[in-house]
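Welcome! Here is a short tour of one model, taken one region at a time.

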Amino acid sequence: MRNTASMMRQLGEKPLLTEANLATINNETLIMLGDTDDMVDRTYTQQVAGFLPHARFELLPQTPHLLEQANSEMLVEKLVAFFK
């Protein structure tokens, strides 16, 4: 727990991803966030998606932070549609 807290503080003080270096990523990118995620900020996630030149943001209904608790059928549908 202490190591995780330290890592989170360090990332807050000196983020690895900045607007400038995100803007250099030219891959098509799908940024997804669960609407019941209480660990990640929606506004920030949408902002990050906006920094990526070829990104799309998707808000996943009834989806928490933990991926293993997400509706796997919905995730597959979103990913298949993205990669078409």
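## Before we start

A contact here means heavy atoms within 4.5 Å. Please keep in mind that the model is predicted.

## Thr 63 and its surroundings

Let's begin in the loop between β2 (55-60) and α4 (72-83), where Thr 63 has its place. Leaving aside residues up to four places away in sequence, Thr 63 touches Gly 34, Asp 35, Thr 36, Asp 37, Ala 70 and Met 74. The side chain of Thr 63 also reaches the backbone oxygen of Pro 61, at 2.8 Å.

Is Thr 63 buried or exposed? Its relative accessible area is 3%, and because buried means under 20%, Thr 63 counts as buried.

For context, most residues other than glycine have a negative phi.

## The paired strands

Now to the strands. Strand β1 covers residues 29-34 and is mostly covered, with five of its six residues buried. β1 and β2 run parallel and are joined by six bridges. Within this pairing, Met 32 stands opposite Glu 58 in β2.

How does the chain get from β1 to β2? The path leads through helix α3 (residues 42-51), and this β-α-β crossover is right-handed.

Conventions: Residues numbered from 1 in each chain as written. Predicted model: local features only at pLDDT ≥ 70, side-chain atom pairs only at ≥ 80, totals over all residues. Heavy atoms only, no water. Helix = DSSP H or I, 4+ residues; strand = E, 2+ residues; numbered from the N terminus. Buried < 20%, exposed > 50% of the residue type's maximum accessible area, 1.4 Å probe, protein only. Polar contact = N/O pair within 3.5 Å; in protein donor to acceptor, adjacent residues only side chain to side chain. Pairing = 2+ DSSP bridges. Right-handed = clockwise from strand over helix to strand, strands pointing away.
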